[in-house]
Amino acid sequence: MAAFLISRASRRLRSSYYLSSTLISPSILDPLSKTSPLKPSDYFHKPPIHPKETLETKFGIPKYSQIGGFEVNVVKFFRICNSNLHFARISTSSGSVEGIKNGGNRNEDDDKGSKVELSWIDLYLPQSMRPYARLARLDKPIGTWLLAWPCMWSITLAAPPGNLPDFKMLALFGCGSLLLRGAGCTVNDLLDRDIDTKVERTKLRPVASGLLTPFQGISFLGFQLLLGLGILLQLNNYSIVLGASSLLLVFSYPLMKRLTFWPQAYLGLTFNWGALLGWTAVKGSLDPAIALPLYISGVFWTLVYDTIYAHQDKEDDLKVGVKSTALRFGDSTKNWVTGFGIACISSLSLCGFNADIGWPFYASLIAASGQLAWQIWTVDLSSRADCNRK
């Protein structure tokens, strides 16, 4: 009954709480309340609370509590919760779950555990499909956008003057970006599964955590590549060859962090391949004067955002022995990414000049420059959360 009442309350809060038989904790009782007697460390774990020891005597909370407008017998509710073997801390402010499997004793390091963000995957997909959706990062669409934007720019540049871009082509490349990004993430997780288990941010990924076996991951990769091939075959022959060649970059990128301090540059070469492919898909050939500056600008742009992103993992990277531009630049990171930002905007300007674009393009470029400068100026490279936001 208590679970039903909580479910009713959660829907009223737009699914802020996610309850299941394996994810329950006392923090559900109003963890954001400043007057709550519960502290972040006050979680139930084995051994269970003695039956004669009540919540009121242990934590000072009443026997009954209002949850979502319903009066719930807290003692009975937690007696049910305490019988579970899996526990998680649920944060309603960030929508994240910190999992602890199979009970066991907690220690201080557990409070630093990696987080699995609650998303539409947990709410709407069948349980059997959730690991695959997470493997493809369907709950984190920014990677798909970062892959799709260079394609969209290139397709738009290739449109005849005074005409809108080809919407069918935009849709094809949008779907292709979703599939290729998912395939890239699958390859990355398969090759990095031993490393991911040692990194706080990645140790709960499906393959690293054991939710999916390597064979299941490879099978899913084949499924994604098969769908991607169906999209690629709808383009002209020049684009088919150019698009297929990008797979070499996709499959080799995860190895770069073991070989060089510049894996972010290699990611730039991979993620911005659509700047070349979009143009050829519309024109049937490549115009180096326009497509190459666009491609180069994308590479420098990737160096900016992925170097900032890499600062989240620099401590873990040092422990496991992998490399990144964040470790290469260190305290000089802002100077380096400022240079990359200037190179990005300069290459975009050259692309617009060669394409004979009018003044609105340059006005927009000034606005983009200001936004990029703000990101670089304000980012706190010592804060994982701020690096992730930027």
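The model is predicted: local features need pLDDT of at least 70, side-chain atom pairs count only at pLDDT 80 or more, and totals for chains, interfaces and linings use all residues. Residues are numbered from 1 along each chain as its sequence is written, and side-chain values use heavy atoms, with hydrogens and water left out.

**Annotated spans**

- An unreviewed UniProt entry annotates residues 211–232, 238–256, 265–282 and 288–309 as "transmembrane region"; such annotations may be inferred rather than shown by experiment, feature names are shortened, and positions follow the numbering used here.
- Residues 211–232 are 86% helix and 0% strand, with end C-alpha atoms 31 Å apart. Helices (H or I, at least four residues) and strands (E, at least two) are DSSP runs, numbered from the N terminus.
- Residues 265–282 are 89% helix and 0% strand, and their end C-alpha atoms lie 27 Å apart.

**Helices H17 and H18**

- H17 (residues 333–354) packs against H18 (residues 359–378) at about 170 degrees, with axes 10 Å apart. Axes are lines fitted to C-alpha atoms, for helices over the stretch in contact, and angles run from 0 to 180 degrees between N-to-C directions.
- The two helices are therefore roughly antiparallel (an angle over 145 degrees).
- Contact (heavy atoms within 4.5 Å) involves residues including Lys334, Gly341 and Phe353 of H17 and Phe361, Leu365 and Trp377 of H18.
- The contact residues divide into 10 nonpolar, six polar and one charged. Ala, Val, Leu, Ile, Met, Phe, Trp, Tyr, Cys and Pro count as nonpolar, Asp, Glu, Lys and Arg as charged, and the others, Gly among them, as polar.

**Salt bridges**

- The structure holds 12 salt bridges, each a side-chain nitrogen of Lys or Arg within 4 Å of a carboxyl oxygen of Asp or Glu.
- Asp192 and Lys257 pair at 2.7 Å, N to O. Asp192 is in the loop between H7 and H8, and Lys257 is in H11, 65 residues apart.
- Both Asp192 and Lys257 are buried (under 20% relative accessible area; exposed is over 50%, partly exposed in between, with a 1.4 Å probe and protein chains only).
- Arg201 and Asp313 pair at 2.4 Å, N to O. Arg201 lies in the loop between H8 and H9 and Asp313 in the loop between H14 and H15, so the pair ties together parts 112 residues apart in sequence.
- Arg201 is partly exposed at 30% relative accessibility, whereas Asp313 is buried at 8%.
- Lys390 and Asp386 pair at 2.8 Å, N to O; Lys390 is partly exposed at 22% and Asp386 is buried at 8%.

Key
Parallel < 35°, antiparallel > 145°, perpendicular 65-115°, else oblique.
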